[in-house]
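Here is a short briefing on one chain. Keep the sequence and the 3D view open as you read.

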Amino acid sequence: MSSVQAAHIIWVTETRDTDVDGIQDDQAFIDLLEAEGYTVDAQPDHWMTLDGAKVAALNNADLVIVSRASSSGNYDETGEPHEWNSLETPLILMNVYVSRSSRWLWVDSTSIQNLVAPTMEVSTPGHAVFVGVALDENNDVNALDGSVGSGQTSFLGTTHLGNGTLLAAAGTNTWIAEWEPGMEFYVGSAQAPAERRLLLCGGTQEVGATAQGAHNY
């Protein structure tokens with residue numbers, strides 16, 4: 001999100017142990033961030049209903065990440081899309097279902113594709129999100145491990161992003177995209193981010209008894 005590392009991250013997640021191994025399904029993402037020196041506040045189910053105190057806490061964080069281990073319908077009750085979009089903290093959204101026009105109105109689409117470890121095709125290799133990522137001569141990279149969980153990851157089934165910028169794709173599907181603050185996500189959205197927003201598809205798709213939102217990068 002910027003060249004300055006965020007010190008305090010709020011990890012928005014829900015109680016998930018779909019594979020019944022006694023470990024939260026997305027715990028490996030939290031462990032990775034903490035190993036890099038970040039302080040991670042992960043309170044499963046805590047953010048499904050917002051109030052003034054919770055909005056203040058989210059605004060006081062350095063970064064908010066919405067995990068794939070969440071259900072999109074829990075974050076779009078009356079007024080909630082506007083509350084989330086109005087947060088003054090940079091936000092990374094890993095649950096592509098939340099980005100749809102039926103939820104937070106980031107994209108004028110409801111199309112989702114569940115793919116098994118496609119190649120990431122990078123559109124803007126000079127972007128900071130790709131620092132340290134070894135791209136090939138075509139600016140592609142095999143970023144996912146298809147043997148984790150169901151093997152599937154959910155992607156946005158379009159690359160038409162309105163006022164967003166495509167950073168990486170999987171064929172005709174958006175993988176990573178960003179939106180600058182203060183500009184409507186797309187014409188007719190009636191929603192605009194108060195700070196930078198990044199869509200980063202990752203974490204396993206739920207299929208049967210396999211983990212939902214498991215670390216698969």
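How many bridges join strand β1 to β3, and do these strands run parallel or antiparallel? They run parallel, and 4 bridges join β1 (residues 8-12) to β3. This is a predicted model. The points below cover strand pairing, aromatic pairs and salt bridges.

**Strands around β3**

- W11 has I65 in β3 as its bridge partner.
- β3 also pairs with strand β4 (residues 91-93), in the parallel sense and over 3 bridges.
- I65 has its bridge partner in β4 too, and that partner is I92.
- From β3 the chain passes through helix α3 (residues 80-85) to reach β4. This β-α-β crossover is right-handed.
- In a regular strand, side chains alternate between the two faces of the sheet.
- Strand β3 (residues 63-66) is covered on both faces. L63 and I65 are buried on one side, and V64 and V66 are buried on the other.

**Aromatic pairs**

- A ring pair is described by the distance of the centres and the angle of the planes.
- The structure holds 8 aromatic pairs.
- One of them joins F155 and W175. The geometry is edge-to-face, with 4.8 Å centre to centre and 70° between the planes.
- F155 sits in strand β8 (residues 152-156) and W175 in strand β10 (residues 173-179), so this pair ties together parts 20 residues apart in sequence.
- F155 and W175 are both buried.
- W179 and F185 form another edge-to-face pair. Their centres are 5.9 Å apart, and the planes make an angle of 75°.
- W179 counts as buried because its relative accessibility is 1%, under the 20% cut-off.
- F185 is buried as well, at 0% relative accessibility.
- W179 and F185 also belong to a cluster linked by ring pairs.

**Salt bridges**

- Side chains of opposite charge can pair when their charged atoms come close.
- The count here is 5 salt bridges.
- R68 and E206 meet through their side chains at 2.9 Å, N to O.
- That pair links distant parts of the chain, 138 residues apart. R68 is in the loop between β3 and α3, while E206 is in the segment after β11 (197-200).
- R68 is buried, with a relative accessible area of 3%. E206 is partly exposed, at 35%.
- R103 forms a salt bridge with D76, and their closest N and O atoms are 2.9 Å apart.
- R103 lies in the loop between β4 and β5 (112-116) and D76 in the loop between β3 and α3, so the pair ties together parts 27 residues apart in sequence.
- R103 is partly exposed at 22% relative accessibility. D76 is partly exposed, with a relative accessible area of 22%.
- R196 forms a salt bridge with E178, the closest N and O atoms being 2.8 Å apart.
- R196 is in the loop between β10 and β11 and E178 is in strand β10, so this contact ties together parts 18 residues apart in sequence.
- R196 counts as partly exposed at 23% relative accessibility. E178 is buried, with a relative accessible area of 10%.
- A network of salt bridges links E178, E180 and R196.

Notes:
Residues are numbered from 1 along each chain as its sequence is written. This is a predicted model: local features need pLDDT of at least 70, side-chain atom pairs count only at pLDDT 80 or more; totals for chains, interfaces and linings use all residues. Side-chain values use heavy atoms; hydrogens and water are left out. Rings of Phe, Tyr and Trp (its six-membered ring) pair if their centres lie within 6.5 Å; planes under 30 degrees apart count as stacked, over 60 as edge-to-face and the rest as tilted. Helices (H or I, at least four residues) and strands (E, at least two) are DSSP runs, numbered from the N terminus. Buried means under 20% relative accessible area, exposed over 50%, partly exposed in between (1.4 Å probe, protein chains only). Two strands pair if DSSP finds at least two bridges between them. A crossover is right-handed if, with the strands pointing away from the viewer, the path from the first strand over the helix to the second runs clockwise. A salt bridge is a side-chain nitrogen of Lys or Arg within 4 Å of a carboxyl oxygen of Asp or Glu.
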